Amino acid sequence: MARLGAGSAQLGVAVSGGPDSLALLLLAAAARPGAIEAATVDHGLRPESAAEAEMVASICDELGVPHAVLKVEVAPGNLQQEARLARYRALGEWQQARGIDILMTAHHADDQAETLLMRLNRGSGLGGLAGVRSRGSNPANGGIVLRPLLGWRKDELERIVRDCVVAPARDPSNEDDRFDRARIRKALATADWLDPAAVAQSAACLADAEAALQHYARAEWDEQVDLADSEIRYRPESSTPREIRLRVLARALERLGGQPRLSQVAELLDVLERGEGGNLASVLARAEKDAWVLRPEPPRH
């Protein structure tokens, strides 16, 4: 936690009741007694969820850790994605109400390996292959999120929970083959030739590479982008690497209110590099002689 910049901040721990998050709770309570609080998000998707939240509350009471149960409603659509958004939104509101500076989650090396393999299978770019970061942000409110267990293996965390004589909750969705992550997890369990810790380390190296690219993309923005009213002009040089152009273009779209996927930005980049124009996320883009010009689409009548 100190290496990730926790300092003397008040810390919040997201605890589902599974073995990973219970291990994080136990470790954090031992490392920072009196400086942590915990919250359990009850998505209401399983009959057992309320009892699991009460189980976490009981453990927190024994540890002297303040605890809250956050009940949410999950929007229809992609179940896991919508549950994740609802969870982070509730945790962000809880942090703000309690004056908690930093949220911690229990992602570990096996999670990181699963994420990297899932994204490889989807053809993700460098940003996706970097996996989850040890220090990131809450997608709901931009608050700091630390993941101090990325160097730990799942079996190590389960051993901590067993040694403390705590019975964790088991979420059956973790074994449900309808979800990509569950299938990847089962495949990894039988691949004894693959070292999840080494895969997680590779993801960390990719994250460092992504950070370097973002650094140079910011420098490119400062030097080659002109802002005027609601128009953005980007003057890419022929020697500018494609990955830098991609990130500058994505930032321009975001500045104009668009939130497209990076794969969509890459398609627009191809169009502009051919000297053509297009639109994406309610933004019009065209290639001029020496610049790419982006502006919001005019309102439709």
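**Entry 1. Cysteines**

I began with cysteine 60, which is buried, with a relative accessible area of 0%. For this term I noted that buried means under 20% relative accessible area, exposed means over 50%, and partly exposed lies in between, with a 1.4 Å probe and protein chains only. The model is a predicted one, in which local features need pLDDT of at least 70 and side-chain atom pairs count only at pLDDT 80 or more, while totals for chains, interfaces and linings use all residues. I also recorded that residues are numbered from 1 along each chain as its sequence is written, and that side-chain values use heavy atoms, with hydrogens and water left out.

I then asked how many disulfides the structure holds. I found 0 disulfides. A disulfide is a covalent bond between the sulfur atoms of two cysteines. The cut-off applied here is a pair of cysteine sulfur atoms within 2.5 Å. The cysteine sulfur closest to that of cysteine 60 belongs to cysteine 164 and is 13 Å away, which is too far for a bond. Cysteine 164 is partly exposed, with a relative accessible area of 41%.

**Entry 2. The protein as a whole**

I counted 10 helices and 11 strands in the protein. Helices (H or I, at least four residues) and strands (E, at least two) are DSSP runs, numbered from the N terminus. The C-alpha atoms fill a box of roughly 70 × 45 × 40 Å, taken along the principal axes. Of the 301 residues, 43% count as buried.

I next looked up the contacts, where contact means heavy atoms within 4.5 Å. Among contacts in the protein with a separation of 6 or more, 63% join residues 24 or more positions apart.

**Entry 3. Helices H1 and H2**

Two packed helices are described by the angle between their axes and the distance between the axes. At what angle do helix H1 (residues 19–31) and helix H2 (residues 49–63) pack? I read an angle of about 15°, with the axes 11 Å apart. That makes H1 roughly parallel to H2. The axes are lines fitted to C-alpha atoms, for helices over the stretch in contact, and angles run from 0 to 180 degrees between N-to-C directions. Angles under 35 degrees count as roughly parallel, over 145 as roughly antiparallel, 65 to 115 as roughly perpendicular and the rest as oblique.

On the H1 side I listed Leu22, Leu25, Leu26 and Ala29, which meet Ile59, Cys60 and Leu63 in H2. By class, the residues of this contact of H1 with H2 are 7 nonpolar, no polar and no charged. In this scheme Ala, Val, Leu, Ile, Met, Phe, Trp, Tyr, Cys and Pro count as nonpolar, Asp, Glu, Lys and Arg as charged, and the others, Gly among them, as polar.

**Entry 4. Helices H9 and H10**

I turned to helix H9 (residues 242–255) and helix H10 (residues 262–273), whose axes come within 9 Å and cross at roughly 110°. H9 and H10 are therefore roughly perpendicular to each other. The residues in contact include Leu246, Leu249 and Leu253 of H9 and Val265, Leu269 and Leu272 of H10. The contact of H9 with H10 has 10 nonpolar, no polar and 4 charged residues.

I located lysine 154 in helix H6 (residues 154–163). Lysine 154 is partly exposed, with a relative accessible area of 25%. Leaving out residues up to four places away in sequence, lysine 154 touches Pro19, Asp20, His108 and Asp110. Lysine 154 and proline 19 are 135 residues apart along the chain, yet their C-alpha atoms are separated by 8.5 Å.

Is valine 225 buried or exposed? Valine 225, in strand E7 (residues 225–228), is buried, with a relative accessible area of 10%. Again leaving out residues up to four places away in sequence, I found that valine 225 touches Glu220, Ile232, Arg233, Tyr234, Arg235 and Val248. From valine 225 to alanine 31 I noted 194 residues in sequence and 46 Å in space, C-alpha to C-alpha.

**Entry 5. Positive phi values**

Aspartate 229 has a phi near 50°, a positive value in a residue other than glycine. Aspartate 229 lies in the loop between E7 and strand E8 (231–234) and is exposed, with a relative accessible area of 87%.

Alanine 281 has a phi near 55°, also a positive value in a residue other than glycine. I placed alanine 281 in the loop between strand E9 (278–280) and strand E10 (283–287). At 32% relative accessibility, alanine 281 counts as partly exposed.
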